[in-house]
Amino acid sequence: MSGGKSNLQEDLYSYDEEFRDSISTVDSEGKRVWVYPKKPKGNYYYLRNVVSIFLLILFFATPFIKINGNPFLLMNFFERKFYVLGQAFWPQDFFLLALILIIFFVSVILFTTAFGRLWCGWACPQTIFMEMVFRKIEYWIDGDANQQRKLAKESWTSKKIFKRGLKYTIFLIISIIIGHTAMAYLVGIETVKDLVTSPPTENWSGFLGLVFFTGIFFWVFSYFREQACTVVCPYGRLQGVLLDKDSIVVAYDWVRGEPRGKLRKGEVQSDKGDCIDCKLCVHVCPTGIDIRNGTQLECVNCTACIDACDDVMTKIGKPKGLIRYASYNSIKDGIKKLVTTRRVAYSGVLVVLMTLFGFLLFTRSDISLTIQKKPGFTYQKEESTGLYINLYDVQLTNKTEKEQNIHLKVIDNQAAILTVGSSNSLTLKASERFEGSLLLKFANEDLESTKTTVKIGIYDSNDKLIDRQKINFLGPIKY
């Protein structure tokens with residue numbers, strides 16, 4: 001297609017942009033417009049079912065999976081214990097957790113610039129649970145879109161009460177299961193088992209947490225639904241800065257489809273495009289938009305419109321793909337371009353971050369040492385010896401899965417006397433954290449000034465240095 005012809009077609013088929021002034025699920029008065037999507041079917045829907053089954057199994061099974069006795073994934077903010085792929089991360093490893101989050105967000109940005117909201121349509125928990133679990137139950141009990149509309153308008157007969165009661169009972173049971181699973185990612189599956197098998201009075205906070213999670217999931221999937229994607233989730237709005245004309249999204253081929261027109265029996269569409277304006281792409285959309293208007297924040301790239309349109313094209317003897325995964329430029333000029341300067345830059349940043357994370361992860365010490373000055377304590381003088389004393393809080397964390405025998409000592413100042421507990425030697429079990437007090441003593445003549453810098457190290461049973469930390473020893477003013 002020549003450039004002049006392409007520009008002419010673009011001008012002829014430019015769309016009215018008024019639809020962008022509002023979202024499809026809210027009317028002009030600000031009231032909720034309930035969406036009744038038609039039940040989808042087709043190749044993409046089948047593939048999404050397969051992917052969803054795999055991800056659902058992964059979601060419910062992960063809390064039970066352990067690596068070397070550690071949870072596969074645990075984000076226990078309450079006890080500040082974190083496990084990713086069986087690797088323990090402690091508050092001292094906050095920079096590693098922060099790097100994981102940064103890598104995740106950069107990956108999302110890179111993936112979005114290339115493939116749009118593929119995550120939303122295929123892997124987002126909101127979409128999977130809504131479309132592949134709760135919506136299927138709704139189709140089974142209430143019927144397809146037209147039957148759901150009819151049931152919603154009916155008075156409260158015994159039939160409607162039965163259907164509503166059955167549907168919401170099943171919704172509640174599934175929400176309870178999801179809520180308990182989500183809780184397991186925060187406190188661990190063993191704690192959840194204890195909560196389930198014990199009366200609420202033994203752990204009110206845990207019980208209320210389970211009730212809260214269950215209530216949230218039930219409310220979202222029974223009432224709030226697509227509003228979570230269109231109103232709450234910021235990802236759709238980020239498309240405006242992340243997508244470009246080479247991003248591959250679910251798109252309508254306006255060059256081939258316009259001008260739209262109804263197809264009559266025996267009619268030759270010489271003056272019309274392939275779109276017969278059946279509006280099935282709108283009817284199957286779970287967020288109620290018309291994909292023919294172009295990329296919109298409500299679109300979650302679920303591919304329901306692709307399946308519906310392909311089915312129609314097959315019936316009227318036209319090629320599939322009027323709605324398909326495509327970029328603006330591939331439709332306009334027939335140019336597919338995945339490698340762009342922007343994506344190369346994002347990829348470079350991602351490689352650097354992952355390299356840095358790998359280096360920090362494999363070079364981190366097996367045992368971390370944290371020493372802090374005791375609040376409100378400056379120094380004291382021991383009358384019997386004349387030594388000056390400083391008191392510190394010490395925290396030792398065994399990040400390995402084996403028992404560690406360690407001892408602490410001052411590295412650079414042999415005049416210092418160090419004591420931790422009854423002795424300077426400790427035995428830390430696998431993933432154990434020790435918290436106690438550290439006592440440091442100096443003679444007045446050995447102090448450099450009112451503030452003397454001291455290095456304290458952790459050593460293993462072979463006297464190999466594992467970790468170290470600098471602290472300040474406070475003493476009297478030197479004249």
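How far apart do the end C-alpha atoms of residues 207–224 lie? They lie 24 Å apart, and this span is 100% helix and 0% strand.

This is a predicted model, in which local features need pLDDT of at least 70 and side-chain atom pairs count only at pLDDT 80 or more, while totals for chains, interfaces and linings use all residues. Residues are numbered from 1 along each chain as its sequence is written, and side-chain values use heavy atoms, leaving out hydrogens and water.

**View 1. Two annotated spans.** An unreviewed UniProt entry lists "transmembrane region" stretches, including 168–187 and 207–224; such annotations may be inferred rather than shown by experiment. In residues 168–187, the end C-alpha atoms are 28 Å apart, and the span is 100% helix and 0% strand.

**View 2. Helix H3 meets helix H16.** Welcome to H3 (residues 94–115) and H16 (residues 341–363), whose axes come within 10 Å and cross at roughly 160° (axes are lines fitted to C-alpha atoms over the stretch in contact, with angles from 0 to 180 degrees between N-to-C directions). H3 is therefore roughly antiparallel to H16 (an angle over 145 degrees). Contact, meaning heavy atoms within 4.5 Å, involves residues including Leu 99 and Val 106 of H3 and Leu 353 and Phe 357 of H16.

**View 3. An open sheet.** Four strands follow the order S13-S11-S15-S16 with antiparallel pairing; strands (E) are DSSP runs of at least two residues, helices (H or I) of at least four, and pairing takes at least two bridges. The edge strands are S13 (425–428) and S16 (465–474).

**View 4. Strands S15 and S16.** S15 (residues 451–460) pairs with S16 over nine bridges, in the antiparallel sense. Look for Thr 452, which stands opposite Phe 473 in S16.

Technical notes:
Angles under 35 degrees count as roughly parallel, over 145 as roughly antiparallel, 65 to 115 as roughly perpendicular and the rest as oblique.
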